[in-house]
Structure formats: C-alpha cells, structure tokens
Amino acid sequence: MSNLDKYQQVFKESFQYTGDLEQLEYQGIAEWDSVGHMQLMAALEDVFGIELDVDDIIDFSSFKKGITILAKYNVTI
C-alpha cells in the first residue's frame, strides 16, 4: 500500500467519509471537529510512525495541507 493510499484510508476511516478528499477541510464536515481532529492526528502518527509537533497539528487544516506537513517528517505522499 502506498503512502497516498494509507493517507486516504486514515481520512476515510477517521471520518467515515466517502466524498472528495482533495476538497476536505477542517470543520468542513461535522466529523472533523476538534475531537475528530485529534483522532485524525493520532491515527496519522500511528500509521506513519511519526510524532507531529503541536504547531503542525494546529496548522493541519485540510487534506492538501496535511500532505505538505507530512513531508516535513519525510513522509512522501
């Protein structure tokens, strides 16, 4: 499974989401609230074996932005 597949899967499973992931933004759906955000961050850390910095967690505002943030941790999507 590619990193892109893993990344997409985390979003789909975290939010039970079947829509267009490319357009997904924080608080764009009811499931991506503050609690959902922290669950997403924990799932991403588990899947990619990283520990996200607090500033990056706060900055993680969309599916697309997350790709840029993960690149800082040598996770290429």
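Reader: How do the axes of helix 1 and helix 4 cross, and at what angle?
Author: In this predicted model, the two axes come within 12 Å, and the crossing is at roughly 135°. That makes helix 1 oblique to helix 4.

Reader: What's the handedness of the crossing of helix 1 and helix 4?
Author: Right-handed.

Reader: And which residues make the contact?
Author: Helix 1 puts in Y7, Q8 and F11, while helix 4 brings F63, G66, I67 and L70. By type, the residues of this contact are five nonpolar and two polar, with no charged ones.

Reader: OK, helix 4 then. Which of its residues are buried?
Author: Helix 4 covers residues 63–71, and its buried residues are F63, G66, I69 and L70. Looking down the helix axis, these buried residues fall within an arc of 105°, so they line one face of helix 4.

Reader: What covers the buried residues of helix 4?
Author: The cover includes helix 1 (3–15), helix 2 (34–48) and helix 3 (54–59).

Reader: Switching over to L44: where does that sit?
Author: L44 is in helix 2.

Reader: Buried or exposed, and why?
Author: L44 counts as buried because its relative accessibility is 0%.

Reader: What is L44 in contact with, leaving aside neighbours within four places in sequence?
Author: With those neighbours set aside, L44 is in contact with Y7, V10, G49, I50 and F60.

Notes: Residues numbered from 1 in each chain as written. Predicted model: local features only at pLDDT ≥ 70, side-chain atom pairs only at ≥ 80, totals over all residues. Heavy atoms only, no water. Buried < 20%, exposed > 50% of the residue type's maximum accessible area, 1.4 Å probe, protein only. Helix = DSSP H or I, 4+ residues; strand = E, 2+ residues; numbered from the N terminus. Arc of directions from axis to C-beta. Contact = heavy atoms within 4.5 Å. Axes fitted to C-alpha atoms, helices over the stretch in contact; angles between N-to-C directions. Parallel < 35°, antiparallel > 145°, perpendicular 65-115°, else oblique. Left-handed = near helix turned anticlockwise from the far one by under 90°. Nonpolar A, V, L, I, M, F, W, Y, C, P; charged D, E, K, R; others polar.
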